Amino acid sequence: MKRSIVLACMVAVGVITVSANADVYTFQPDPANLDNLEHSKYYAWKIDFSLPSGETIDSASLFFDDIYNWNDDDNVLYVSLLDGNWLWDGLSTFSDDQGGGDNTFDFGGAVSLVKYENLPGGYDNRQDITYIFDSSEIGTLNTYVLYDDNFGIGFDPDCHFNNDGVTLTIATVPVPGAVLLGSIGVSFSGWLLRKRRML
Ligand SMILES: [Ca+2]
Ligand SMILES: [Ca+2]
Ligand SMILES: [Ca+2]
Ligand SMILES: [Ca+2]
């Protein structure tokens, strides 16, 4: 009975350690505003990232600072997650003549993150937008990073979006199973030590 209480305490401590141990990384493309996301272009942004040993990506978000369409026309902004394995380093730009739907699907492993439709036009209507990756997208991101230490974000503006910069934020935490096993291991060896002393 006592042993199970000790074990439960150790596990609880392990879980608290997970949230306290999150490491946060931020990335910006160069230029940070992707040349104001020109409508006749689409973009691939490759990010090199090595997961620290025993850690996993727990959350990710993409922030657009003061973004607005250049006029009041209908518009769409596609954003996707890319594998990254054969992308050029940094930011690459391609032409789509403002057509073709989401051209970021030309790149390997593209997974649609979000499609913004009809963002308001004009500087007075600028806004800060944060896209938060869902759990499935976090899983894909971990897979892409684990494979070869890189991934990418694709942007296809099918209009022209002025903005003050894009920032990607990633948080990593110790792999939950590893922490739990570690806690159980510490707890078990403590119990073994106590038992030996008693013998
Ligand atoms: Ca802002
Ligand atoms: Ca397009
Ligand atoms: Ca990759
Ligand atoms: Ca485009």
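Predicted model: local features only at pLDDT ≥ 70, side-chain atom pairs only at ≥ 80, totals over all residues.
I started with β4, which is mostly covered, with 6 of its 7 residues buried. I count a residue as buried if 20 or more other C-beta atoms lie within 10 Å of its own, with C-beta atoms placed from the backbone. Strands here are DSSP runs (E, at least two residues), and helices are runs of H or I, at least four residues, all numbered from the N terminus.

Residues are numbered from 1 along each chain as its sequence is written, and chains are lettered from A and ligands numbered from 1 in the order in which they are written.

Next I looked up the partners of β4. Strands pair if DSSP finds at least two bridges between them. I found 6 bridges to β6 (residues 111-117), antiparallel, with Y78 opposite K115. Another 6 bridges join β4 to β8, also antiparallel, and there V79 has F155 as its bridge partner.

Then I turned to the largest nonpolar core, which has 32 residues. Such a core is a set of buried Ala, Val, Leu, Ile, Met, Phe, Trp, Tyr and Cys residues joined through C-beta atoms within 7 Å. V79 and F155 are among the residues with the most contacts inside it. I153 is also in that group, and I see it touching W45, L62, V79, L81, L82 and L168, leaving out residues up to four places away in sequence. Contact here means C-beta atoms, placed from the backbone, within 7 Å.

How values were computed: Buried ≥ 20, exposed ≤ 12 C-beta atoms within 10 Å, placed from the backbone. Contact = placed C-beta atoms within 7 Å.
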